[in-house]
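Welcome to this one. Please have the model open beside you as you read through the points below.

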Amino acid sequence: MIEVKFFKAGNQIIGFEANGHSMSAPHGEDIICAFVSSACLMAANTVTEIIGVKADAAAENGFLKLMIKDSAYKAQDILNGLKLHLSELQKDYPNNINVIISEV
């Protein structure tokens with residue numbers, strides 16, 4: 001299962017972590033993993049490269065983490081959009097995706 005954890009401080013999302021595999025198809029053919037990976041990478045790249053928010057990021061096979069280092073307000077629309085998108089995917093694939101909101 002893919003677990004996506006969003007980290008909140010007060011009413012702002014300050015980062016997210018996606019980890020795991022959906023196991024819905026063989027590696028390289030799993031469209032659910034591709035959905036989640038693509039959405040998370042687009043959000044991370046938009047926050048850091050387009051909006052210019054400073055953040056720590058790490059990515060490996062089946063893992064992606066983004067934690068904002070400076071003011072998170074500029075990234076809220078992107079991060080809330082990602083949370084909404086993945087929450088909707090979770091409704092369609094409840095055995096493959098789990099979205100968690102974690103207060104820090």
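1. A definition to start: the expected span of a helix is 1.5 Å times one less than its number of residues. Keep in mind that the model you are looking at is predicted. Helix α2, residues 76-92, has 17 residues, and from its first C-alpha to its last it reaches 24 Å, close to the 24 Å expected.

2. Now look at which residues of α2 are buried: Q76, L79, L82, L86 and L89. These residues sit on the same side of α2, because they cover an arc of only 165° around the axis. Turn to the other side of α2 and you will find D77, L84, K91 and D92 exposed.

3. What covers the buried residues of α2? The cover includes the strands β1 (2-9), β2 (12-19), β4 (63-68) and β5 (97-103), along with helix α1 (31-50).

4. The strands deserve a look of their own. Five of them form an open sheet in the order β3-β4-β2-β1-β5, and the pairing is mixed. At the edges are β3 (55-60) and β5, each of which pairs on one side only. From one strand to the next, the twist averages 15°.

5. Helix α1 packs on it, touching β1, β2, β3, β4 and β5, and its direction makes about 25° with that of β4. Helix α2 also packs on the sheet, with β1, β2, β4 and β5 touched, and its direction makes about 140° with that of β5.

Key:
Residues numbered from 1 in each chain as written. Predicted model: local features only at pLDDT ≥ 70, side-chain atom pairs only at ≥ 80, totals over all residues. Heavy atoms only, no water. Helix = DSSP H or I, 4+ residues; strand = E, 2+ residues; numbered from the N terminus. Buried < 20%, exposed > 50% of the residue type's maximum accessible area, 1.4 Å probe, protein only. Arc of directions from axis to C-beta. Contact = heavy atoms within 4.5 Å. Pairing = 2+ DSSP bridges. Axes fitted to C-alpha atoms, helices over the stretch in contact; angles between N-to-C directions.
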